[in-house]
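Load the model and keep a distance tool at hand.

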Amino acid sequence: MIIAAAVCPHPPMIVPAVASGAADDLASLREACDSAVSALLAAGPERVVVLGSGSLDGDRDESAGGTFGPYGVDLHAGGPGSDLPLSLTVGAWLLDRAGWSGPRTYSTGTPDIGDRTGLLVMADGSARRSTSAPGFLDERAEGFDASIATALARGDAAALASLDLDLGAALWAAGTPALRVLGELTKGTDIGASLRVDVAPFGVGYWVADWVMG
């Protein structure tokens, strides 16, 4: 049973050690993520499932971990392992930062859900929001991200469950599959929703939201 969920982005620069002198640029985003994760943990989950994108051979437990070494920083997150992709490594870092020491599952697919589960969904929006964005400008990107922001604000799981994966891929929206899984796992649930952040710095869409299931 899913009792709560949080949605956060996963740019490596959200980690102060990675951002170095530019750490203040994403300070408000980082603070919002901390608040969303705190709300998730306040619901009292017995296990936190971290959903994200990237390459992972099957679900992993709390022994899994990741490193920010590829970004020039000797910083580890999660358990002793080091094979988590970026999205899940940032999720592990947020949980470490919040002091969560309970069971974890890391997944880039559709995980098994047990009793009193919290979901931490690591999901970036389109990276094609401006001419300076990593994927340059696509006129469809702003509307696509706006539809997700609306769904997150309203607790509209059905809208997330119906996201177009092909369009998400075309718009470089890495979080589309994880958001769709969030929708599929929570459809038909009474949801209290809060959208904390909806921004697009660097031409990439980021949201921070938290849901509590009634």
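A nonpolar core is a set of buried Ala, Val, Leu, Ile, Met, Phe, Trp, Tyr and Cys residues joined through side-chain atoms within 4.5 Å. Buried means under 20% relative accessible area, exposed over 50%, and partly exposed in between, with a 1.4 Å probe and protein chains only. This is a predicted model: local features need pLDDT of at least 70, side-chain atom pairs count only at pLDDT 80 or more, and totals for chains, interfaces and linings use all residues. Residues are numbered from 1 along each chain as its sequence is written, and side-chain values use heavy atoms, with hydrogens and water left out.

The largest nonpolar core has 38 residues, and Cys8 and Leu120 touch the most other members. Strands S1 (2–8), S2 (47–51), S7 (117–122) and S9 (206–213) each supply at least two of its residues, as do helices H2 (27–42) and H3 (86–98). H2 gives the most, with seven residues. Helices (H or I, at least four residues) and strands (E, at least two) are DSSP runs, numbered from the N terminus.

Now select leucine 120. Leaving aside neighbours within four places in sequence, its contacts (heavy atoms within 4.5 Å) include Ala6, Cys8, Val37, Leu40 and Leu95. A second, separate core holds 28 residues, among them Ala5, Ala157, Leu163 and Ala178. Ala178 is also one of the buried residues of helix H7 (residues 176–186).

For cysteine 8, the nearest cysteine sulfur is that of cysteine 33, 3.7 Å away. Cysteine 8 counts as buried because its relative accessibility is 0%. Cysteine 33 is buried too, with a relative accessible area of 0%.

Next, the backbone. Most residues other than glycine have a negative phi. Phenylalanine 136, in the loop between S7 and helix H4 (141–154), has a positive phi of about 65°. Phenylalanine 202 also has a positive phi of about 65°. Phenylalanine 202 is found in the loop between strand S8 (191–199) and S9. At 43% relative accessibility, phenylalanine 202 counts as partly exposed. Just after H7, glycine 188 takes a positive phi of about 80°.

Last, the side chains that face open space. Which residues line the largest pocket? The lining is His10, Pro11, Pro12, Leu86, Asp124, Ala127, Pro134, Trp172, Ala174, Val204 and Tyr206. A pocket is an open set of points on a 1 Å grid over the protein atoms alone, where a 1.4 Å probe fits, with protein on both sides within 12 Å along at least five of seven lines; lining residues have an atom within 4 Å of a point.

Technical notes. Disulfide = S-S within 2.5 Å.
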